[in-house]
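Welcome to this tour; please have your viewer ready and your selection tool at hand. We will go stop by stop.

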There are 2 protein chains.
Amino acid sequence: MKKVTINSVASYAGVSKKTVSRVLNNEPNVSDATREKVLKVFKELDYTPNPIARGLAQNRSFIIGCIYDNPSKSYITRVQTGALAACQENNYNLLIHPCDLRGDALISNIEHLLQSSRLDGLVLTPPFSDFKVLVDFLKSKKIPYARVASAVLEDESISVRSNDEQGAFEITEHLINLGHKAIAFIKGHPDHSATEQRFKGYRRALSTHGIEFNERLVEEGNFSYHSGVDSARSILDLTPRPTAVFASNDYMAAAVLKLATQRQLKVPDDISIAGFDNAPIARHIWPGLTTIAQPVEEMTQQAVNKLIEHISEPQEQPYQVTLEARLITRESTAQIKP
Amino acid sequence: MKKVTINSVASYAGVSKKTVSRVLNNEPNVSDATREKVLKVFKELDYTPNPIARGLAQNRSFIIGCIYDNPSKSYITRVQTGALAACQENNYNLLIHPCDLRGDALISNIEHLLQSSRLDGLVLTPPFSDFKVLVDFLKSKKIPYARVASAVLEDESISVRSNDEQGAFEITEHLINLGHKAIAFIKGHPDHSATEQRFKGYRRALSTHGIEFNERLVEEGNFSYHSGVDSARSILDLTPRPTAVFASNDYMAAAVLKLATQRQLKVPDDISIAGFDNAPIARHIWPGLTTIAQPVEEMTQQAVNKLIEHISEPQEQPYQVTLEARLITRESTAQIKP
DNA sequence: CGACATTATGACACCGGTGTCAGGTTTGAA
DNA sequence: TTCAAACCTGACACCGGTGTCATAATGTCG
């Protein structure tokens, strides 16, 4: 088994390698007869072009980088799934790059990544989607990028998000419709723009339904299970105890559920609990968590697809899309007891 | 900002590009004076070699592929973490490739992957670590590979595993020591070698402690949460009901816990539950699951490190390591009620 | 001090593709 | 029928490194 290169194809087909290259890239100005002849040789010799050589000639790597810093494994996996789907469609590869850095260290880390891997583009996932320094840096280096689930940052680029504010509104409204008025809220990590969005949705629902906002019912979390435990403790210690808790993600909601159960509280009879994200844990525990499902895979796939399109033929106009989130009701929320 | 290539470095330093290349690769036969001069220019011009060009010249990609088909997101993330750590140490990149295929389709899928991405090596994670056809295929194509968490397949290559049989033995023994005799067992996916290993450990513990093996207490699962629900139903319906359940992984154990709780059973008072893997869910639920922790990241990191080493300088002797698993006791198991 | 081994260096081809451009052929309109 | 425009094709340089080999400089030893 010896290597099949463009040269062997060319000599076998009796044409120049440039012509073979033309066929490979679907370029015009090749007669149908020649094209077919070459295509046949492709099959006969089982030829696959060498992406490395191609990359060298065109100064591209056909690799997209995906950077993240997220405590939720399921979220990361979903992001990867979407990104991989888009990459495979376009014969790109995906390079994953977890990084738990902020500020200057982040920039130099990314700079090193770009230098050493020659990425063609970068996908930014939360919380990086909203890091202005990073976006500015990429812009100055002229590195194409796409942002997933960004909420606040105004930027003329590719961005696919879902409507966190609306999702939070709906789930809060769901609790209100069940008769709850004292609804505690656990915030997410301050670096994530979703944190602010979800909080906004919560407040909008309260005000829409004429419920006064009570600051004492709000706890600061950071999306981690552990932070949920701390917040849960504070909330469950309140007197009077709130009749419902809306945590900004499912891990923190699970923490509330765990602590409540430990304290012999019945969920949802004694207290309703809602989360956000529809992480696997939401349906793996009892009672299952009422939550908001976002189309994470689809968001990422769209973002990466657009990114790759943009790399091939740079476009001026931005691409900004917002997909809908969806309320999923499970057993953790119920009508308030009279 | 223009590109810094080996040519610019060479002319700036007043040497040939071959000499620069020598310095880059730490080759001998460069005088100290020259070496230092070139190194200084590296810094001054902030030069980073182009991995693509290097790859073309040496016919390598500096990319390791990692294939998996595993329902557990946390397991996948842990594998990735370990693999990435090893790759970064060695200036390699990691290409992830989920694939849910069996048999011929798998082979042709992998073949396509290898052809189109020119991977330098492949990391096989369960269940692929024990797929003989795949291993044979890679051997015939002379693609370097390393296997993570393989248990059964005898193969002269790189393999890092943990002791599943011993882990299962210990956790079963733990239950026995708590006074349990009727211990149900839920098997994993039949394609995974861990399934058989864990079952073996369970049986060995029983026989070591003179408890007769009872086939009716064994259920077939497949590591998914959903399969755990089905198995849990059968087990909880048994009369007399077993006093303990050992599920082959934490997701299935979580399913047992959920169903038991739904049925108003108290865990661990009415029934003890144990899992395997120490997945995040094991400590996110109440009561926390007693389980076995494996050093997944370390296993993968070692495997990838050895693989990269092997790629640079092919070695004859195999590398086979077994790391220890560790029992973690939480609230889901307790002394049997008299 | 001369003969030979060793070390240091560079010229040049090469990896497997793509971009540029020139030259030949076909097409179509006058 | 003629000539310009459009189409097809290949020669050749190039991308940014590495491998081979020749040659120059230095070191070693009798």
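How much area do chain A and chain B bury between them? About 4,000 Å², with 62% of it on carbon and sulfur atoms; buried area here is the accessible area (1.4 Å probe) that two parts lose on being put together, summed over both.

Before you click on, some ground rules: this is a predicted model, where local features need pLDDT of at least 70 and side-chain atom pairs count only at pLDDT 80 or more, while totals for chains, interfaces and linings use all residues. Residues are numbered from 1 along each chain as its sequence is written, chains are lettered from A and ligands numbered from 1 in the order in which they are written, and side-chain values use heavy atoms, with hydrogens and water left out.

**Stop 1: between the chains**

Select A:Ile52, A:His284 and A:Trp286: on the chain A side, these lose the most area to chain B, together 16% of what that side buries. Now widen the selection to the whole contact (heavy atoms within 4.5 Å), which takes 45 residues from chain A and 44 residues from chain B. Colour the chain A side by class and you will find 19 nonpolar, 18 polar and eight charged residues; Gly counts as polar in this scheme.

How many salt bridges link chain A and chain B? The count is zero, a salt bridge being a side-chain nitrogen of Lys or Arg within 4 Å of a carboxyl oxygen of Asp or Glu.

**Stop 2: inside chain A**

Next, colour chain A by domain: domain 1 (6-49), domain 2 (59-161 + 296-323) and domain 3 (164-294), with bounds from an automatic or database domain assignment. The centres of domain 2 and domain 3 of chain A, taken over C-alpha atoms, are 30 Å apart. Their contact uses 18 residues from domain 2 and twelve residues from domain 3.

One salt bridge is counted between domain 2 and domain 3 of chain A.

**Stop 3: a sheet in chain B**

Finally, move to chain B and pick out the open sheet of four strands, ordered E7-E6-E8-E9 with parallel pairing. Strands are DSSP runs (E, at least two residues), numbered from the N terminus, and two of them pair if DSSP finds at least two bridges between them. At the edges lie strand E7 (218-219) and strand E9 (272-274) of chain B, each pairing on one side only. Strand E8 (residues 244-247) of chain B is joined to E9(B) by three bridges. To see a bridge pair, select B:Phe246 and its partner in E9(B), B:Ala274.
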